[in-house]
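Let's take a walk through this protein, pocket by pocket and strand by strand. Have the viewer open and follow along.

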Amino acid sequence: MKNALIIGSGISGLTSAIECARRGVMVTLVSPFPSERAQSVLAAGGINAVLAAGDTGDSIESHIEDTLKGGCYIAGRKSVTGLCENAPDIVAWLEKLGTVFTRDAEHQVCRRAFGGQSHDRTCYCGASTGKQIVTALCMEARRYEGMGRIDRRFWLDFYSGLIRDGKCYGAMLYNEATGSLECEYADAVIMAVGGQNALFGKTTGSTLCDGYAAGKLFLQGVELKNLEFIQYHPTTMETGQKHMLISEAARGEGGRLFYEENGKRVYFMEDRFGERGNLMPRDVVSRCIYETGKQVYLDVTFLGEKKIRERIPEIYDLCMKYRGIDISRESIPVVPSVHFFMGGIAVNERHETNVENLYAVGECASIYHGANRLGGNSLLAAVYSGRCVAEAIGDNLGLTEKLIESRDISRHPDFSKDLETEQEKLVRLRRSSSRFSVTYIRDMLAENMKKDLGILRNKEGLEKGIQDIIYYQSIADQLKYDSSEMIYFVYSLQGILALARATLVSALSREESRGAHLRSDFPETSDSFKAATIISYDNGAYRTSLREEE
């Protein structure tokens, strides 16, 4: 039986596993932790789909246009069309698996308004849609585990791709239980590792999604795309540990943004954009909050405690638990924070990379969102990408032909010397020492990235950021290893630094403002940049180009 190795077990990884198994592919699903700890469970707002009982006048074509417009027309129409056309079936499939969507008095799936959308089409499960979907997919994956088609393995971290001559044969994994590296061969490798939160330290997401895999693969010849487009969610609440997401669901229920001036409230989004001003695309709202230069608040008190507890109970509980704020009586202090990465591993509409047999899905894959993502499209893309990749793998592996016995490594090149070399490198890392620790450099990197790749960027800051990272790269292999740190925390540094540098180089190369990328020195949008940024690594050089998407 042909086999696929999937790295990551959130919504995109689980969907890929289920759909591959359904097509007769033997799946090995690896991750450092169970799916219940994946970032997917944090997704609160909902999933977009134009349903039969939706808003009057809404249509799939409207969903397509909203997505393209929100992404400033650099995402491919072909891929976006596939995403939106399949959305109704995806919602129906998720419900069939056991996802409990909120329903109205007529038993129709409830929908709420999300930013940048012309109609209310975001289907939701209270404010815990991601958690509901993960639960349903876990149960379906376990059904295939029982059938022997999915083998789930925990406590394994991605180390590198087994890549030779432009073809991927599997992955090298770090086993946390044994402290050693091992090679896992596969006919297809699917990366489902999420975004790049660790580059920025305190964000709304999980630091388990650190960008290392994308950075390491980049150094191995995999192209990356649109890294400069980093979505700042406009409404987050700062705590000591992280920025807690105040879901767009709050504004979808009518929440109003304001700041105080001379003892009066200024509803600046409504003053500028009218009645639906609070639901402008996230890049627009974040920029407007930034430009006020003031503490901004989100008010939902007018809903009353009963409606708040019924419609956005998770937000009520979150504010009470972490800040002692009763949102039925007090407004929420909010700030924009890094939330989502439109950029990542470059893939086509079949989720193939430029390396044969290597695929990417979910947030780590750049394809649907262009320069800015609409709220509610991330969960949709996570599921849809899993379906697309399974279909592509089924076609590429020729499952109608005579099947090859799984795990016959004799048909792969010999990577034993590579394994030995990398194992020795880990030993040296444990013995390395310097006046700087890995933790110190990672903290410095996060501070630099937040400063140089904030909501507003310029050439001077981007160039300084690049030079800082070049210095970090030069000392990364000699840093002091703290025995209290996992070795993964140490060996991942070079890949993370490579990704950070690639992101800054991409931002420097785009001399315009578009979507989530704002340049104070190039404030206008330019037709000459109406294309995706592709960045590749060539013997130490970081090379960018523009590519129009179909």
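Sorted by class, the lining of the second largest pocket has 11 nonpolar, 5 polar and 5 charged residues. Keep in mind that you're looking at a predicted model. The volume of this second largest pocket comes out at about 390 Å³. Of the 21 residues lining it, Y232, Y290, P336, S337 and I455 are the closest to its centre. The largest share comes from β17, with 5 residues.

Now for the packing. In soluble globular proteins, nonpolar side chains tend to be buried together. Here, the largest nonpolar core has 126 residues, and M191 and I345 are the ones with the most contacts inside it. Helix α12 (residues 377–396) gives the largest share of this core, 11 residues. If you click on M191 and ignore its neighbours within four places in sequence, you'll find it in contact with I7, F158, A213, L217, I345, L358, Y359, A360, V361 and C364. There's also a second, separate core of 28 residues, with M237, L298, Y316 and I327 among them.

Next, have a look at strand β2 (residues 26–31). Why call it largely enclosed by the rest of the structure? Because 6 of its 6 residues are buried. In a regular strand the side chains alternate between the two faces of the sheet. Strand β1 (residues 3–7) pairs with β2 in the parallel sense, over 5 bridges. Within that pairing, I6 stands opposite L29 in β2.

Finally, there's an open sheet of 3 strands, in the order β3-β5-β4, with antiparallel pairing. The edges are taken by β3 (47–48) and β4 (111–112); each has a single partner strand, so one side of each is left without a neighbour in the sheet. For β4, the pairing with strand β5 (residues 122–123) is antiparallel and runs over 2 bridges. To find the spot in your viewer, look for R112, which stands opposite T122 in β5.

Note on methods
Residues numbered from 1 in each chain as written. Predicted model: local features only at pLDDT ≥ 70, side-chain atom pairs only at ≥ 80, totals over all residues. Heavy atoms only, no water. 1 Å grid on protein atoms, 1.4 Å probe; cavity = no way out; pocket = protein on both sides within 12 Å on 5 of 7 lines; lining within 4 Å. Points joined across faces, edges and corners; volume = space filled by probe spheres on them. Helix = DSSP H or I, 4+ residues; strand = E, 2+ residues; numbered from the N terminus. Nonpolar A, V, L, I, M, F, W, Y, C, P; charged D, E, K, R; others polar. Pairing = 2+ DSSP bridges. Core = buried A, V, L, I, M, F, W, Y, C linked by side-chain atoms within 4.5 Å. Buried < 20%, exposed > 50% of the residue type's maximum accessible area, 1.4 Å probe, protein only. Contact = heavy atoms within 4.5 Å.
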